[in-house]
Amino acid sequence: MGDNTILQVNQLSAGYDTKAGFVKAVDDVSFSLKKGAFLGIAGESGCGKSTLAYAIMNLLRDNGLIQSGSVSLNEAEISKLNRFKMKKIRWVDLSMVFQSAMNALNPVLKIGEQLTDAMHAHKTITRKDAERRARDVLELVDIKGDRYDSYPHQLSGGMKQRVMIAMALILQPDLIIMDEPTTALDVVVQRTIIEKIQELQRSFDFSIIFITHDLSLLVEISDQLAIMYAGRIVESGSSSEVFNNPLHPYTVGLMSAFPALTGPIRRMEGIEGKPPDLLNPPVGCRFAPRCKKAIPICSKEYPSRFNRSDAHYVNCHLFNETEGR
Amino acid sequence: MTDRIVEMKGVNKHFPLKTFGRYGEVVHAMDDVSISVNRGRIMAIVGESGSGKTTTANVISRLYTETAGQVLFEGKRLPQKMPRTEELEYRKRVQMIFQDPFSSLNPTHTIVNILSRPFVIHKLAKGKKALRKKVSDLLVQVGLEPPGQFLDKFPHELSGGQRQRVNVARTFAVNPELVLADEPSSMLDVSIRMSIMNMMLDFKDKEGITYLYITHDLAGARYMSSEIAVMYAGMIMETGDTETVIGHTFHPYTKLLKSAAPSPEKGLKRKKLTTKGDIPSLVNPPGGCRFHPRCPFVMEKCRSEVPAMKQVGQNHYARCFLEGGTL
């Protein structure tokens, strides 16, 4: 592991304790992230991508808990910190942009107050300095300083989302987790926000974990890609490798779920069926019940990892089979 | 003569504001919208939220009536108020699919109950047994098999994709001729989106149904439709054959939509968007061309005059003053 690894997630399992049993939403997930990297995590709803984000932030509450495994940020383990210690590093070292900006901002506080709140909570700073910093950060995301005294309802959806990004940036963290930051927005607004994120990343060199179900967007903007299905990462690699040479049948299915703007129109098939119930996940490969290429062994044991190259791996029996022959 | 099923001629739809102190002002949800849909074809309406695409569908379905202009169904002008029997007949021939599969099914009714309603209302079947049979057949048609498993379930027991299938089934129960599909797949998961779209295409091939397919996704519109109309701030900006409009885009707004759509092939070669800003307020829409505040090619004329629809190619029309388009 190089020195510039910023986040190390090791065999992390997390989920929710319910009356019916433990729902393992994240199961044995491991990955690492280098400084300044852009990791995209894709999967359909209910595959555990948001739970993973909350587990890294150590934000699982009530019936949510990290069952096993560890999360290390800058070589210090953070998954076992108590809530007071966690509070000290959260937002300072790692921050998060939540899914729906519409609900994540407090409707009765001006956005300026909400931005300075985050600063006062974490460091000793005069009000004047905090305000100056807040205005600076708003400028960074293309919101004019006179919006400092606006309430959230006076802003458009795209502006609210940019305020959320400003808030995540305000203490200059090393890592920002973005959980579907553009899903509720129009295509054009989505594009401007993505451009802004990329521009900010270039100038401040923080790392990003970008979570979305929109694989076509993810392939375009991220360097690394991880495909999640039913709580596990089934394929991971550099974006170009995964895009040009998808290995897992699920990845192939996701790729062909988006019609294209150019080229011939051909009939495309989605993936039939729905993700399994994580309360009783199927034995063996979890995608097997929906997989068109399933072979007998798929429903018996979970496939081990097959490394295509240094950075590109897949968990699928199809490849272990062919390698064995 | 082409067989036009529905046609709009210069339709305006304005909603009066009811806020105190703003009486007399109106929301210009649709202005000068003219479209025509041929029988057995799919026309897509593409635009951002607030562009008036849903209002267009609602005017055709007569949930709203137009403020000005004409809506023609099979060449006959639709009156502002239809007699009840005529309205029932019209509703049978023109059906809608709604966007949200979660809120458009009554949570207190079973699937068989929900799907029996169209048969009862339009007097197509009678008696519990006959209804159950009809509903079972319908469920098989939309791929919910075996139907016995679904008949007595409640909507909350189904997944999003299955609920949308029930929605589609309800639409097709009365063998409609025109289906207004308002973003039928936008709230579904990526993996099941395609299967709903394919199912709609299969229905078209089998039953010769005409669709008005409303979406914000240009690529999805290309997959589904043969003709397309791009709407912005209540007006149609560009219309024509889908391949022509997307392949030889004329209007700067369509161009913007095209460049904003994700496409993995472009990767790092992507050019930055040249357009900034938001969709304008429809209470006081900008004078002249509605797109001029965001248009990178804006001219003096655009600020004062509304450009007329002009022909820019074979069956390709655009509302723009530019001479050679934006290519």
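How many residues of chain B are in contact with residues of chain A? In this predicted model, 33 residues of chain B are in contact with 32 residues of chain A, two residues being in contact if their C-beta atoms, placed from the backbone, lie within 7 Å.

Because the model is predicted, local features need pLDDT of at least 70 and side-chain atom pairs count only at pLDDT 80 or more, while totals for chains, interfaces and linings use all residues. Residues are numbered from 1 along each chain as its sequence is written, and chains are lettered from A and ligands numbered from 1 in the order in which they are written.

On the side of chain B that touches chain A, the elements giving two or more residues are α7 (190-207), α8 (218-224) and α10 (252-260) of chain B, and α7(B) gives the most, with seven residues. Helices (H or I, at least four residues) and strands (E, at least two) are DSSP runs, numbered from the N terminus.

Chain A is divided into domain 1 (5-93 + 174-261) and domain 2 (99-172), with bounds that come from an automatic or database domain assignment. The centres of these two domains, taken over C-alpha atoms, are separated by 24 Å, and their contact takes 16 residues from domain 1 of chain A and 16 residues from domain 2 of chain A. On the domain 1 side, β7 (175-179) and α7 (187-204) of chain A are the elements that give two or more residues, and the largest share, seven residues, comes from α7(A).

The table sets out the classes of residues on two of these contact sides; Ala, Val, Leu, Ile, Met, Phe, Trp, Tyr, Cys and Pro count as nonpolar, Asp, Glu, Lys and Arg as charged, and the others, Gly among them, as polar.

| Side | Residues by class |
|---|---|
| Chain B, touching chain A | 14 nonpolar, ten polar and nine charged residues |
| Domain 1 of chain A, touching domain 2 of chain A | eleven nonpolar, two polar and three charged residues |

The secondary structure of chain A comes to eleven helices and twelve strands, and buried residues make up 45% of its 325 residues; a residue is buried if 20 or more other C-beta atoms, placed from the backbone, lie within 10 Å of its own.

In chain B, strand β6 (residues 94-97) is covered on both faces, with Val94(B) and Met96(B) buried on one side and Gln95(B) and Ile97(B) buried on the other. In a regular strand the side chains alternate between the two faces of the sheet. β6(B) pairs in the parallel sense with strand β7 (residues 178-182) of chain B over four bridges, where pairing requires that DSSP finds at least two bridges between two strands, and the bridge partner of Ile97(B) in β7(B) is Ala181(B).

Technical notes:
A residue is buried if 20 or more other C-beta atoms lie within 10 Å of its own, exposed if 12 or fewer, and partly exposed in between; C-beta atoms are placed from the backbone.
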